[in-house]
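Here is a friendly note to read alongside the structure. Keep the viewer open and go to each place as it comes up.

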Amino acid sequence: MFKTVYNQTSDMPVSILVFTAMLTILGLISLFSISMNQFDEVGITTFTKQLLFLIPAFVGFITILFIPKYMIHKYIYIAYSLMLIFVLTPFLFETIAGTHRWINFGLPVSIQPSEFAKWIVVVTLARYLSDHNLQMKKFMTILFPILIALLPAVIILQQPDLGTAIILLTPILPMLYWVGARPFHLFILVAPLLSIATAFHTISFTFWAIIMGSIIYLTQPRLVFGVLLYFGNIFLGLLSPFLWNSLRPYQQKRILTLFNPELDPLGAAYQTIQSKVAIGSGGFFGKGLGWGTQTHLKFLPVQESDFIVSVIGEELGFITIAIMLIVFSIFLLKVVKLAFLAKERFPGLVLIGIGTIFMAHVFVNTAMSTGMIPVKGLPLPFISAGGSFLLSCFIMIGLIMKMGNESIE
Amino acid sequence: VANSVIIIVFSILLIRFFHIQVYGHNKYKKRADNNRIRAIPTAAPRGVILDRYGQILVDNYPTYILTGLPNEMDNENWNFSVISACTAVDTAILIENFDRYFRGRFIPSRITRDLTFEQLSCIEEHKHELTGINYIQFPERSFPSGVNMSHVLGYVKEIDRSLLSNMVDFEQYDVGDLIGWQGIEKQYENQLRGKKGLAFLQVDAFGREVGAVKDINDIKPIPGKDVFTTIDLSLQKTLEKAMSSYKGIVLVTDPATGQILAFVSSPDFSPDIFTGNTTLRQWREIVNDPTKPLLNRITNGLYPPGSTLKMITAIALLEGGLTIEQNEEFECAGIYQFGDRVFKCWKVSGHGKVNLDQAITQSCNIFFYQAVQRISLNRFINLCRSFGFGSKTGIDLPNELTGLLPTRDYMNRRYTSRGWSRGHLLNLALGQGDLLTTPIQLAVYINKIATKGNTFIPHFLLSKVPEPTNSMNLNEQTWIYIQDYLLHAVTDKNGTGSAADPKINGTNVYGKTGTAQNPHGDDHAWFVGYAKNRNQMASTIILVENGGSGGKIAAPIARIAFEHLFNNNIENRLAAK
């Protein structure tokens with residue numbers, strides 16, 4: 001048995017492991033810095049916790065390596081059903097930090113089932129899209145895979161955890177595209193969301209209307225459909241501010257809280273400003289490990305997870321940030337390359353899905369820390385503190401190793 | 001497609017980080033430093049004010065003051081209701097305070113003070129709901145001795161912007177500092193006030209202190225110097241109590257040094273009223289009180305001195321060559337006609353034949369009406385001036401008044417040259433008419449008599465080297481006569497001041513009563529005098545406004561003072577520090 005595993009691993013893309021190790025170590029270094037001024041719990045700091053979390057993460061990673069590919073393919077639907085049950089179970093428990101995100105078995109650590117939903121949804125989508133001889137050119141066939149992702153996403157949104165819910169939806173488009181869905185169909189899917197999102201900003205909405213018009217004109221659908229699509233979207237966009245205003249303030253607040261549960265008491269832009277000050281004050285070489293004033297004076301909120309990139313930026317400087325981003329991008333490029341090299345649809349789809357999830361995490365996290373997008377709590381893979389997330393990341397690395405295996409079973 | 005998406009996205013992120021970290025580095029570095037270090041002025045405690053034995057009259061105690069920054073207070077009503085719940089102070093009072101201390105949208109305004117630890121904790125718990133609310137430590141003056149002495153001690157004031165812009169030495173002060181505004185607090189401001197320090201603190205995002213800054217040392221505040229006063233606390237306490245039901249003054253000084261042992265201007269008030277707990281309504285009551293508790297009657301009250309001034313005339317008679325024989329007598333029939341005016345003695349039946357000694361002992365008016373005609377107005381006025389009337393005594397309290405000494409010029413201006421006559425001089429000789437003195441001037445006058453002209457300027461600062469008053473040029477024999485007359489006025493069976501004598505072995509009491517007519521109401525009761533035990537002396541000035549007879553009302557209060565001093569081993573008392 002070990003020999004077969006060895007044979008498999010020898011064919012695996014080892015570079016992935018190198019990148020993973022580099023990023024994990026960077027994470028540990030920054031958490032070590034944060035922990036230097038933590039005296040709250042006896043001996044237990046964010047750093048030591050993360051070290052301990054590495055053990056289950058490795059176990060999860062090795063386990064995936066031992067499970068044959070066909071087993072994953074065979075049982076993923078069962079895993080999906082179990083996952084749905086798991087993401088529902090936090091609702092049976094008392095809230096932790098005001099949300100139903102975690103399951104607490106009375107252990108010192110809680111489990112966040114929504115983390116596992118990420119790769120289960122990806123693998124499920126991959127199996128569905130690879131199993132069937134789908135008529136991908138038809139619009140209706142792409143609706144079912146959307147449902148696969150949407151179902152857990154809606155449940156997680158109720159926890160509420162908008163960040164994870166959005167992450168769950170991101171693999172859909174690339175994976176559909178990968179199996180050959182018509183880009184125009186994907187466009188039809190995205191268009192209403194963009195119409196609503198841009199509706200509150202006149203210039204954005206104008207641009208969007210022009211872009212939408214050009215796309216519809218260039219793809220030349222049936223005239224009636226094209227006109228309906230265009231004006232339907234415009235109408236939706238124009239209507240949404242009125243719909244919004246017709247809501248009562250407490251209803252508006254409820255929606256806003258849903259989209260931003262951490263609406264902080266110190267003002268909306270506060271976290272972003274402090275994060276930018278931290279990153280900017282770090283300069284090219286950083287202030288040195290343990291010397292970040294923004295970090296250690298607690299100006300940075302949730303610095304060990306959502307804003308860990310600000311800690312790195314402040315203490316280790318642009319040089320480290322640049323290396324980190326380059327490592328991430330080479331890592332993702334490698335994953336894409338592996339997907340192209342895959343000889344079957346299923347592993348290729350898994351690789352694309354997981355790559356998308358990693359990419360979404362990195363983008364949302366860093367863009368939020370630098371104030372490019374609104375604050376949305378999402379951790380940075382391998383670097384942010386958090387047991388469930390670390391385990392989930394290492395399982396996904398395991399899946400990449402597995403699916404990126406060039407040898408044929 | 002996938003590769004280019006990855007490369008584009010990561011390029012954007014890289015550029016973004018570069019823009020912030022390298023291009024915007026200086027800007028953000030400055031912001032981060034501001035976040036980090038806050039230089040907080042640390043108040044230097046003012047010096048303590050003590051009595052001559054080192055008992056504390058004015059102390060400091062640290063209080064916590066709650067301030068609100070108007071600019072940051074989003075929801076004032078909510079803030080005030082939370083604070084009210086924490087401090088149990090009515091919202092209306094909080095708002096009243098806030099408005100009273102309001103100095104601008106960007107300057108913290110005081111909301112309440114004297115916060116207890118529990119109240120602070122409660123406010124700290126609700127800090128996230130309270131915007132723009134802060135608390136600061138503030139050294140408040142406290143008055144543990146139980147005496148009022150409000151006019152002497154004075155008070156401190158918080159400097160505000162308009163005050164600062166009107167100050168000469170404005171560069172030494174900041175808005176929010178305390179400055180001595182009256183009394184000793186003002187007079188010895190330079191000694192009492194310390195030098196502020198600076199504490200460099202690391203603060204976190206919520207403005208909470210997280211510790212000292214490593215590379216910068218705090219500048220330690222230098223506390224103000226303590227001021228020892230000449231006040232005798234127990235004497236002061238006794239006399240405040242004795243005067244509690246009167247309007248008037250008690251002043252006890254040591255003629256040999258000029259030190260002030262007790263200083264009572266009644267009615268007074270607790271010096272506490274300036275420290276902030278007083279509502280505007282209470283404050284108005286004090287300001288509008290018809291008994292004028294804010295007036296320092298000793299340095300700023302103007303009174304006709306009445307018969308207490310008779311010694312001036314006596315000295316003029318004794319000094320004025322041979323104008324009067326030692327035992328020359330004048331007839332007092334209780335009534336005296338001068339021109340078309342009729343003057344009366346206080347004793348309706350008259351004193352009969354009286355000499356100068358008896359005239360002072362029994363305070364005969366008719367004697368003086370007749371005798372004073374032998375001296376000129378100028379002679380009289382100059383003698384008054386040499387005793388210190390008509391000019392400031394130089395006491396170490398701010399804003400002393402000069403009183404009014406009517407010269408010939410003044411009389412001409414006031415009444416025209418034909419409008420006044422020697423009849424006015426008759427009035428002046430009895431301390432009536434236009435002449436007005438402050439009680440502190442009378443103290444110098446009586447101290448000069450007690451020391452044969454070698455007294456010192458009255459003062460409160462114990463460490464001060466006494467400054468002599470202007471020198472007198474009188475015959476030794478004149479001083480002896482005058483002192484004898486004053487002794488008789490207390491010890492003689494007919495003496496008007498006998499009630500001032502505590503009858504202590506070895507202690508002689510010298511004094512003169514006065515019952516000054518006063519156009520605004522009942523007569524003022526005066527007693528001026530001193531007591532002497534071997535070489536130890538203490539003089540006292542008593543005034544009871546509208547009290548009536550000086551001998552009956554004022555003299556007994558002098559006895560309380562003398563009794564207290566000379567029954568308690570005066571050698572030790574006056575020497576001690």
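**Notes for a first look**

1. Let us begin with one residue on chain B. Lys452(B) has a relative accessible area of 29%, so it is partly exposed. Please keep in mind that this is a predicted model. Lys452(B) sits in the loop that runs between helix H19 (439-450) and helix H20 (476-491) of chain B. Its backbone deserves a look too: phi of Lys452(B) is near 55 degrees, a positive value in a residue other than glycine. Most residues other than glycine have a negative phi.

2. A second residue on chain B also has a positive phi. Ser363(B) is not a glycine, yet its phi is about 55 degrees. You will find Ser363(B) in the loop between helix H14 (356-361) and helix H15 (365-371) of chain B. Is Ser363(B) buried or exposed? Its relative accessibility is 4%, and because buried means under 20%, Ser363(B) counts as buried.

3. Now for a peptide bond. Ser266(B) and Pro267(B) are joined by a cis peptide bond, with omega about 0 degrees. Most peptide bonds are trans. Pro267(B) belongs to the loop between strand S12 (259-266) and helix H11 (280-288) of chain B.

4. Next, the charged side chains. Over all chains, the count comes to 11 salt bridges. One of them pairs Arg46(B) with Glu185(B), whose closest N and O atoms are 3.0 Å apart. This pair links distant parts of the chain: Arg46(B) is in the loop between strand S1 (37-42) and strand S2 (49-50) of chain B, while Glu185(B) is in helix H8 (residues 183-187) of chain B, 139 residues apart. Both Arg46(B) and Glu185(B) are buried.

5. Stay with Arg46(B) for a moment. Its side chain also meets that of Glu189(B) in a salt bridge, at 3.0 Å from N to O. Glu189(B) lies in helix H9 (residues 189-192) of chain B and Arg46(B) in the loop between S1 and S2, so this pair ties together parts 143 residues apart in sequence. Both Glu189(B) and Arg46(B) are buried; for Glu189(B), the relative accessible area is 6%.

6. Glu189(B) has a further partner. It forms a salt bridge with Arg193(B), where the closest N and O atoms are 3.9 Å apart. Which residues are linked in a network of salt bridges? They are Arg46(B), Arg141(B), Glu185(B), Glu189(B) and Arg193(B).

7. Let us turn to the surface. A nonpolar patch there is formed by Val14(A), Leu17(A), Val18(A), Met22(A), Phe284(A), Phe285(A), Ile319(A), Ile323(A) and Phe18(B), with about 790 Å² of accessible area together. Helix H2 (14-35) and helix H15 (308-341) of chain A are the elements that give two or more residues to the patch. H2(A) gives the most, with 4 residues. Phe284(A), one of the patch residues, lies in the loop between helix H13 (270-282) and helix H14 (293-296) of chain A, and at 32% relative accessibility it counts as partly exposed.

8. H2(A) also has a helix partner. The axes of H2(A) and helix H17 (residues 387-403) of chain A come within 10 Å and cross at roughly 165 degrees. Angles over 145 degrees count as roughly antiparallel, and therefore H2(A) and H17(A) are roughly antiparallel to each other. The crossing of these two helices, H2(A) and H17(A), is right-handed.

9. The axes of helix H10 (residues 233-242) and helix H21 (residues 550-566) of chain B come within 10 Å, crossing at roughly 160 degrees. That makes H10(B) roughly antiparallel to H21(B), and their crossing is right-handed.

10. Finally, two covered places on chain A. Helix H7 (residues 162-169) of chain A is mostly covered, with 6 of its 8 residues buried. These buried residues are Leu162(A), Gly163(A), Thr164(A), Ala165(A), Ile167(A) and Leu168(A). Ile120(A), in helix H5 (residues 114-131) of chain A, is buried with a relative accessible area of 7%. Between Ile120(A) and Leu82(A) there are 10.0 Å in space, C-alpha to C-alpha, and the two are 38 residues apart in sequence.

Notes
Residues are numbered from 1 along each chain as its sequence is written. Chains are lettered from A and ligands numbered from 1 in the order in which they are written. This is a predicted model: local features need pLDDT of at least 70, side-chain atom pairs count only at pLDDT 80 or more; totals for chains, interfaces and linings use all residues. Side-chain values use heavy atoms; hydrogens and water are left out. Buried means under 20% relative accessible area, exposed over 50%, partly exposed in between (1.4 Å probe, protein chains only). Patches are made of residues with over 30% relative accessible area and no salt bridge: like charges are joined within 9 Å, nonpolar side chains (Val, Leu, Ile, Met, Phe, Trp, Tyr) within 5 Å. Accessible areas come from the Shrake-Rupley method with a 1.4 Å probe; for residues, only the protein chains shown count as cover. A salt bridge is a side-chain nitrogen of Lys or Arg within 4 Å of a carboxyl oxygen of Asp or Glu. Axes are lines fitted to C-alpha atoms, for helices over the stretch in contact, and angles run from 0 to 180 degrees between N-to-C directions. Angles under 35 degrees count as roughly parallel, over 145 as roughly antiparallel, 65 to 115 as roughly perpendicular and the rest as oblique. A crossing is left-handed if the near helix is turned anticlockwise from the far one by less than a right angle, and right-handed if clockwise.
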